[in-house]
Amino acid sequence: KVIEIKNLSKNFKEIKAVNNLNLNVYRGDVFGFLGPNGAGKSTTIRMLLTLISPSQGEIKIFGKSLQSSRIEILRRVGAIVEKPDFYGFLSAYKNLEILAKLSGLSSPKKRIMEVLELVGLSARAKSKVKTYSHGMKQRLGIAQALIHDPELIILDEPTTGLDPQGMKEIRDLIIHLSKDQKKTIFLSSHILYEVELVANRMVIINKGSTQVEGYVDELLNK
């Protein structure tokens, strides 16, 4: 198992944002994390990335406790939480160079061009990010999540606000990362259709609790 969540809860005063959540993500999955807005998806993702701590429950990633092996685990994870943010006055290349150095990559030039190529932005590598469309910024966000070649990629609603063409580009990229690059992908969305097109397994949550988990085709046949 790449992610194992057991009885996870998060309370904000009286509000139970996540309530006794359980799910399992296996190596090689494109795992759809599906639920309406306000179901607790972003809160769960923030706990997976240790941006907030759980009220109770257990998270294991790569078979290790997130609490005790945080740094070691996060080195192997790439993520976009909500909309990615960059320095608008710098080029895409420069933004990635800063992030690559923070990730500890010693000679990042080749890797930066590889990920820009992968997300279809190599022709605009030297353009300032403020000249980018929303869809291009989303793809740059995925490039940033990939820079250190993580095994697990966590994407929080990566197609929000995109036009149909932009959505298709992100979907194609997710399929490519899964099939050709053998990445495990955890994808949150509130649109069933979107998850259906790319995911092999999924969980549906509501009010912070697991409603159903399983293989996408089996759940849709029901």
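Trainee: What does R201 lie over?

Mentor: R201 lies over the face of Y215, at 5.5 Å from the ring centre. A charge sits over a ring if NZ of Lys or CZ of Arg is within 6 Å of the ring centre and within 35 degrees of the ring normal.

Trainee: And which ring does the charged end of K126 sit over?

Mentor: That of Y93, with the charged end 4.7 Å from the ring centre.

Trainee: What are these values based on?

Mentor: This is a predicted model, where local features need pLDDT of at least 70 and side-chain atom pairs count only at pLDDT 80 or more, while totals for chains, interfaces and linings use all residues. Residues are numbered from 1 along each chain as its sequence is written, and side-chain values use heavy atoms, with hydrogens and water left out.

Trainee: OK, ring on ring. How many aromatic pairs does a search of the whole structure find?

Mentor: Three. Rings of Phe, Tyr and Trp (its six-membered ring) pair if their centres lie within 6.5 Å; planes under 30 degrees apart are stacked, over 60 edge-to-face, the rest tilted. F31 and F186 are stacked, 5.7 Å centre to centre with 5° between the planes.

Trainee: Is F31 buried or exposed?

Mentor: Buried, at 0% relative accessible area. F186 is buried, at 0%. Buried means under 20% relative accessible area, exposed over 50%, partly exposed in between (1.4 Å probe, protein chains only). F31, F33 and F186 form one aromatic cluster.

Trainee: Why is the Y87 and F89 pair called tilted?

Mentor: Their ring centres are 5.9 Å apart and the planes are at 55°, so the pair counts as tilted. Y87 is partly exposed at 47%, and F89 is exposed at 54%.

Trainee: Switching to the core. Which residues touch the most other members of the largest one?

Mentor: L96, L116, L140, I142, L155 and I174, out of 38 residues. A nonpolar core is a set of buried Ala, Val, Leu, Ile, Met, Phe, Trp, Tyr and Cys residues joined through side-chain atoms within 4.5 Å.

Trainee: Which helix gives the largest share of this core?

Mentor: Helix α5 (residues 134-146), with six residues.

Trainee: What about Q138, buried or exposed?

Mentor: Q138 is in helix α5 and is buried, at 3%.

Definitions and conventions. Helix = DSSP H or I, 4+ residues; strand = E, 2+ residues; numbered from the N terminus.
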